Amino acid sequence: MLRMADKRRVRLALSCLCSAAGALFAMIPYIVVYRIADELLRAPADMAAVRRLIVIALIAIAARFAFMGISTALAHGAAFHLLYDMRVRLIEKLGKLPLGYFGTQHSGRLKKVVADDVERIESFIAHHLPDLTASVVAPLVTAIYLFTVDWRLAIAALLPIPAAFAVQGWMAARGRRRDDMKRMHAISESMNGAIVEFVHAMPVIKSFNQTVHTFTRFRFSAERYAELWTRIARNKVPLYTLFMLLLESGMLFVLPFGVWLHAQNEITLPVLLLFLLLGVGLTAPLRQISTLAHMMQNNIEGVLRIQAVLDEKEQTASAHDGSSSQTPQTFEITFREVRFGYGEREVLKGVTLTAEHGKVTAFVGPSGAGKSTAAQLIARFYDPMYGHISLGGIDVSAIPPERLTDMVSFVFQEVPIVSDMISANLRMGKEDADESELVLAAQAAQAHSFITALPDGYETRIGDGGVSLSGGERQRLAIARAILKNAPVLILDEAFAYADAENEANIQEALSRLLEGKTVVVIAHRLSTIMDADRIVVFEDGEVSGIGTHEELLQRNSLYAGMWSAYREAEQWSLRKRKEEPYV
Ligand SMILES: Nc1ncnc2c1ncn2[C@@H]1O[C@H](COP(=O)(O)OP(=O)(O)OP(=O)(O)O)[C@@H](O)[C@H]1O
């Protein structure tokens, strides 16, 4: 944790020092009471000395609050800076990770790391680290002081401590605290994820009359969470109570032994008073140490999760052959024996293909054949496990990631929209695009007319707190964004899925002019979309089963021929239906 505190360490150390100083000043009034009692019991009492002692006590109280105040201010300052630094580091890191990383992580998990774990560390540093220092220093100095006054009573005052810690040791040996904490965090992560999923899936949940109780994943994690806590409580509460009891038992030892010593004239009344005031309270900070140790355990898991994200392998440009990073001059895409799987199962099983520079290449095949995965490897959402993918003859892993991102535009079926103005969403494609460029791109994507029909046209807010767009409108916006980006490689993965036939034809016509000279990869289930492609690659269960034009594949590839005839049949069937039921 302190390593993460980095340059805030000096402030934190100062804060801890001030906290310790505050704790020491807090002891002084008790000592003053002892000294005053001592003074008053003498005959005659030195009242001038008593007044001096009262002034000392008042100064000590003021100094205590001053040090505590400085400590709190320093710790809060350091903690908030740390919170900011850590969030920036995490967000910057997430920006450098391959896109595929986000597909394999629960959104709840990342939210928990960036928001909750960081927040908890901030709170620990701001509030508890200085307290922890005070809790260690205060009893230590008090014990030393008490030993100088009367070693026998000091031992009596300290007796509960070894007993209490023996119980705690027993507790630690019995309980799998670390494991429990790990499990608790895993369950709470899963619960976080389930809540995010529940909110996202609200339309499905409502339309199938589901509730949060029937939403299995949430219910399951909530039940497991409750079970785990019940088990922890059942195991820990009796021993924890014993531990607390022992810590509170100082009076049991000090009072009888102290009174006996006093009766034997071994100690004065003020000494007995001092031990009752300071000695009995000696164990109070230890209770706090125990609570803080528990919190620390909790935080360690958070620190480890933050560290795991920070240690995640970033995408860099390093060619397999070790050559330095390069930038391609042409944009032909080549797959050589590419193998890839999500985990154990291989999804691409040795794919070899070429998408020629300036041509349109279509990926077709049954659902789950690996088309989208292959397309995503071009932009390095993931890296192949075996084989190579190159752009203009250069391995994509040797191209600096920012350059590769500049060179490849992606349009997906489900388009991520940023909650902002339409113009801002479009300008993600080209930051400095002027209005006329926005309009031209929107016109080509058949988006201009729906944008101008919105209340504030291009300045309409969309997304959270703004206007909702239909799936088709979002897609057309994404196509306009890709047109503005003007990258030499364009990948359209079911990019026309929401468009009706007329709109699709219009978009394609506009695109065909704009995309001249670009390398285009299209994935579409509607085969009419790709039949004019320069080259069609047929995927079948992670392998390429044929490459050619539409006509060639109809002749040579039975899978493609079958898909085509099924597609034609479905088209004719829907036409027949429309004719038979013209008013439906
Ligand atoms: N992020 C992921 N994690 C795990 N498995 C995945 C992931 N994405 C895809 N898969 C699996 O990989 C296989 C290939 O998926 P892919 O999306 O590449 O196929 P596809 O041919 O594009 O299918 P579709 O036409 O339905 O989009 C499928 O079995 C799918 O379940």
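**Aromatic pairs and beyond**

Reply: Across the whole structure, a search finds 8 aromatic pairs, where rings of Phe, Tyr and Trp (its six-membered ring) pair if their centres lie within 6.5 Å, and planes under 30 degrees apart count as stacked, over 60 as edge-to-face and the rest as tilted. This is a predicted model, in which local features need pLDDT of at least 70 and side-chain atom pairs count only at pLDDT 80 or more, while totals for chains, interfaces and linings use all residues. Residues are numbered from 1 along each chain as its sequence is written, and side-chain values use heavy atoms, with hydrogens and water left out.

Me: How are the rings of Phe25 and Phe67 arranged as an aromatic pair?

Reply: The pair of Phe25 and Phe67 is stacked, at 5.6 Å centre to centre and with 10 degrees between the planes. Because Phe25 lies in helix 2 (residues 9-40) and Phe67 in helix 3 (residues 47-96), the pair ties together parts that are 42 residues apart in sequence; helices here (H or I, at least four residues) and strands (E, at least two) are DSSP runs, numbered from the N terminus.

Me: And what is the relative accessibility of Phe25?

Reply: Phe25 has 26% relative accessibility and counts as partly exposed, and Phe67 is partly exposed with a relative accessible area of 26%. On this scale buried means under 20% relative accessible area, exposed over 50%, and partly exposed in between (1.4 Å probe, protein chains only).

Me: What about Phe340 and Tyr342, which geometry does that pair have?

Reply: Phe340 and Tyr342 pair edge-to-face, at 5.1 Å centre to centre and with 85 degrees between the planes. Phe340 is buried at a relative accessible area of 3%, whereas Tyr342 is partly exposed at 39%. Together with Tyr382, Phe340 and Tyr342 form one aromatic cluster.

Me: Switching to cysteines, how many disulfides does the structure hold?

Reply: The structure holds 0 disulfides, a disulfide being a pair of cysteine sulfur atoms within 2.5 Å. Cys16 is in no disulfide, and the nearest cysteine sulfur, that of Cys18, is 9.3 Å away.

Me: On to the ligand, then: which residues are closest to it?

Reply: The ligand is surrounded by 13 residues, the closest being Arg345, Ser367, Gly368, Ser372 and Thr373; a residue counts as near if one of its heavy atoms lies within 4 Å. These shell residues divide into 5 nonpolar, 6 polar and 2 charged.

Me: Which atoms of Ser367 and the ligand lie 2.5 Å apart?

Reply: An N or O atom in the Ser367 side chain is 2.5 Å from a ligand oxygen, and a side-chain N or O atom of Lys371 is 2.9 Å from an oxygen of the ligand. A backbone N or O atom of Ala369 lies 3.0 Å from a ligand oxygen.

Me: Which element gives the most residues to that shell?

Reply: Helix 14 gives the most, with 3 residues.

Me: How many residues of helix 14 are buried?

Reply: Helix 14 is mostly covered, with 7 of its 8 residues buried, among them Lys371, Thr373 and Leu377. Just after helix 14, Arg380 takes a positive phi of about 60 degrees.

Methods
Polar contact = N/O pair within 3.5 Å; in protein donor to acceptor, adjacent residues only side chain to side chain. Nonpolar A, V, L, I, M, F, W, Y, C, P; charged D, E, K, R; others polar.
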